[in-house]
Amino acid sequence: MKVEIGKNLLCANADQADKNRELFRRRGAAVINIISSPGSGKTALLEKTAQLMGDKFKTGVIVGDLYTDRDARRLNSAGATAVQINTDGLCHLTAAMVFQAFKEIEPENPDLLFIENVGNLVCPAAFDLGENAKVALLSVAEGTDKPAKYPGIFREAAATVISKVDLLPYTDFDLTSCLTELKELNGKMEVFVTSARTGEGLAKWCRWLEEFAAATK
Amino acid sequence: MHEVSLIQALLDMVNKSAAENGVTKVNLVKLVVGEMHGAVPDALEFAFEVLTEGTVCAGAKLEVEKKLFLFRCDECGREFNPTGLSRRCPGCRTNVTTLVAGRELYVDYYEGD
């Protein structure tokens with residue numbers, strides 16, 4: 001006897017992600033899932049973004065880490081409303097975790113919501129959280145080959161932020177060839193060359209966020 | 001990636017369906033995995049062997065079909081399997097392309113008595 005099933009193995013997560021997307025839409029929040037390696041500067045980028053966008057947008061951040069609430073404290077000090085999720089060792093956020101965390105942030109009515117995923121370039125790319133777009137982050141200290149080694153996330157991302165460019169003179173990072181490889185992988189993707197420390201490139205990033213938020217509503 | 005939890009999800013589905021259909025012994029389970037998921041066949045088979053113990057799937061064969069990446073060119077409509085890093089259209093050379101296959105991750109069917 002042959003029985004057809006045809007059901008997605010991640011359907012529990014996919015169903016919850018669809019519910020999240022609908023909830024975000026009803027609450028008028030444009031949602032970005034930020035994915036990168038550990039230490040590439042996700043929190044620093046979001047601190048600066050919250051400060052720069054402060055008078056235009058109410059910025060919320062759901063931030064995932066294996067342990068500690070240090071990132072949420074930094075983000076709250078920068079003017080964002082941040083909720084920490086501790087995954088207790090799990091290497092990615094799931095749609096159910098994001099749903100629970102959003103309940104805490106919902107009363108603040110954020111119109112721009114970032115989901116700062118656990119630092120990891122592989123697993124988070126496979127788990128839909130109900131976001132409107134994924135953004136990948138890549139610091140120059142990580143090396144030029146990152147997009148070639150982890151093409152999955154750079155292929156899925158609506159934008160890539162190259163961070164810590166103030167460190168370029170001290171590294172062998174080849175910005176031109178990295179930009180070329182990113183374009184080979186995904187010609188639809190926006191790329192921002194930034195430094196959260198010096199502020200370089202952040203105005204352009206914030207303009208893109210404004211357009212993204214307007215187009216999402 | 002998460003081979004053990006994927007196989008657990010697969011078994012939850014197959015065991016439930018087998019109970020509903022009066023199947024007491026499953027002989028074959030067919031799984032379709034897109035290239036994007038990078039799931040390792042050996043690890044899937046190992047997880048399957050361990051987790052099926054004591055279930056109706058014990059001793060069944062796991063058949064894994066890999067689906068390669070397939071892209072469609074937004075400009076000329078050509079469909080192609082990319083080679084190497086580039087996702088450029090081999091026809092018109094534009095880099096504006098859309099993924100149409102390679103994202104699959106589902107139980108296709110199972111066979112049993």
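Which order do the strands of the open three-stranded sheet of chain B have, and is the pairing parallel or antiparallel?

## The open sheet of chain B

In this predicted model, chain B holds an open sheet of three strands in the order 4-3-5, and the pairing is antiparallel. Strand 4 (79-80) and strand 5 (97-101) of chain B are the edge strands, since each of them pairs on one side only.

Strand 3 (residues 70-73) of chain B runs antiparallel to strand 5 of chain B, and four bridges join the two. Within this pairing, B:Cys73 has B:Thr97 of strand 5 as its bridge partner.

## Where the two chains meet

Between the chains, 24 residues of chain A are in contact with 27 residues of chain B. On the side of chain A that touches chain B, strand 1 (2-8), helix 6 (151-156) and helix 7 (175-185) of chain A each supply at least two residues, and the largest share, seven residues, comes from strand 1 of chain A. Sorted by class, this side of chain A has eleven nonpolar, eight charged and five polar residues.

## A crossover within chain A

Strand 7 (residues 159-163) and strand 8 (residues 190-193) of chain A pair in the parallel sense over four bridges, with A:Val161 having A:Phe192 in strand 8 as its bridge partner. From strand 7 of chain A the chain crosses through helix 7 of chain A to strand 8 of chain A, forming a β-α-β crossover that is right-handed.

Definitions and conventions: Residues numbered from 1 in each chain as written. Chains lettered and ligands numbered in written order. Predicted model: local features only at pLDDT ≥ 70, side-chain atom pairs only at ≥ 80, totals over all residues. Contact = placed C-beta atoms within 7 Å. Nonpolar A, V, L, I, M, F, W, Y, C, P; charged D, E, K, R; others polar. Pairing = 2+ DSSP bridges. Right-handed = clockwise from strand over helix to strand, strands pointing away.
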